[in-house]
2 protein chains.
Amino acid sequence: MIANTPKPPYYAVIFTSQRTSIDDGYTEMSGKMENLAKLQDGFLGIESAREHVGISISYWNSLEDIIKWKNNVEHAFAAEKGKEQWYQNYKVRICKIEKDYAFEK
Amino acid sequence: MIANTPKPPYYAVIFTSQRTSIDDGYTEMSGKMENLAKLQDGFLGIESAREHVGISISYWNSLEDIIKWKNNVEHAFAAEKGKEQWYQNYKVRICKIEKDYAFEK
């Protein structure tokens, strides 16, 4: 689904990753973290796809909301497990959406 | 590949889309546009993946570089064909990357 975000400005976390071959609960944790993110203050939406790389973009009202989500205890635990097991490498980019436009048939 | 972008600030175009079932040159045009983007001034990198939605993020030095790429004649032609045939819907978000960090095993 394309996230139904409000009028800019708002913020995003772009998480681009390459997985290891280890599953060990990855799929379950991934779904759990997405559901948990949706419950956080300031959460606006999420878009994800994976091929050679995985891209997951979560949208937020403010930078403060992003920092609170980063520091959420369950999320921080999942992030640690991600570094130990699930991710070969990743990059996190914090950005401000300044403009957007859409097309629909 | 995870794009090897420089130290922030820099800019990004997040293109999230859902395809129609029509191919008619889509795959070829998609590769052609990626190669053409790489030749533009200010291009910094690109990351793409498609599952239920497609996400393609191109990174740029400045907003001016993004506008020039949007107005590139071949790109504008491809975009028109995209609206006519290839995309059911899409959203384009222009954003400023303010911070990033990376992890590598």
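## Exercises on a predicted two-chain model

In this predicted model, chain A is superposed on chain B by a rotation of 180° with 0.0 Å of shift along its axis, at an RMSD of 0.0 Å. This is the relation of a two-fold axis.

### Exercise 1. The surfaces that meet

Determine through which surface the copies meet, and how many residues each chain gives to the contact.

*Solution.* 
Step 1. Count the residues in contact: chain A gives 44 residues and chain B gives 44 residues.
Step 2. Compare the two sets. Of the interface residues of chain A, 100% are also interface residues in chain B, so the copies meet through the same surface.
Step 3. Consider the area. The size of an interface is often expressed as the accessible area lost when the parts come together. Between chain A and chain B, about 4100 Å² is buried, and carbon and sulfur atoms give 59% of this area.

### Exercise 2. Polar links across the interface

State how many salt bridges and how many residue pairs in polar contact are counted between chain A and chain B.

*Solution.* 
Step 1. Begin with the charged side chains: 4 salt bridges are counted between chain A and chain B. One of the salt bridges brings together the side chains of Glu47(A) and Arg93(B), with an N to O distance of 3.0 Å.
Step 2. Assign the contact side of chain A to its elements. At least two residues each come from β1 (10-19), β2 (43-50), β3 (54-60), α2 (63-71), α3 (73-86) and β4 (87-104) of chain A. The most is given by β4(A), with 18 residues.
Step 3. Sort this side by class: it has 21 nonpolar, 9 polar and 14 charged residues.

### Exercise 3. Strand pairing within and between chains

Identify the strand of chain B to which β4(A) is joined, and the sense in which the two strands run.

*Solution.* 
Step 1. Val92(A) has Tyr101(B) as its bridge partner in β4(B), and Glu104(A) stands opposite Asn89(B) in β4(B).
Step 2. Turn to pairing inside chain A. There, β1(A) and β4(A) pair over 10 bridges in the antiparallel sense. Arg19(A) stands opposite Tyr87(A) in β4(A).

### Exercise 4. A salt bridge within a helix

Explain how Lys38(A) and Glu34(A) are placed relative to one another in helix α1.

*Solution.* 
Step 1. Take the total over all chains, which is 12 salt bridges.
Step 2. Select the salt bridge between Lys38(A) and Glu34(A), in which the closest N and O atoms are 3.5 Å apart.
Step 3. Because Lys38(A) and Glu34(A) are 4 residues apart in helix α1 (residues 26-38) of chain A, about one helical turn separates them.

### Exercise 5. Backbone exceptions

Find which peptide bond of chain A is cis and which non-glycine residue has a positive phi.

*Solution.* 
Step 1. Examine the prolines. Pro8(A) and Pro9(A) are joined by a cis peptide bond with omega of about 5°, and Pro9(A) lies in the segment before β1 of chain A.
Step 2. Check chain B. The peptide bond from Pro8(B) to Pro9(B) is cis, with omega near 5°, and Pro9(B) is in the segment before β1 (10-19) of chain B.
Step 3. Examine phi. Asp24(A), although not a glycine, has a positive phi of about 40°. Asp24(A) is located in the loop between β1 and α1 of chain A.

Conventions:
Residues are numbered from 1 along each chain as its sequence is written. Chains are lettered from A and ligands numbered from 1 in the order in which they are written. This is a predicted model: local features need pLDDT of at least 70, side-chain atom pairs count only at pLDDT 80 or more; totals for chains, interfaces and linings use all residues. Side-chain values use heavy atoms; hydrogens and water are left out. Copies are superposed by least squares on the C-alpha atoms of residues with pLDDT of at least 70 in both. Contact means heavy atoms within 4.5 Å. Buried area is the accessible area (1.4 Å probe) that two parts lose on being put together, summed over both. A polar contact is a pair of N or O atoms within 3.5 Å; within protein, one must be able to donate a hydrogen and the other to accept it, and residues adjacent in sequence count only if both atoms are side-chain atoms. Ala, Val, Leu, Ile, Met, Phe, Trp, Tyr, Cys and Pro count as nonpolar, Asp, Glu, Lys and Arg as charged, and the others, Gly among them, as polar. Two strands pair if DSSP finds at least two bridges between them.
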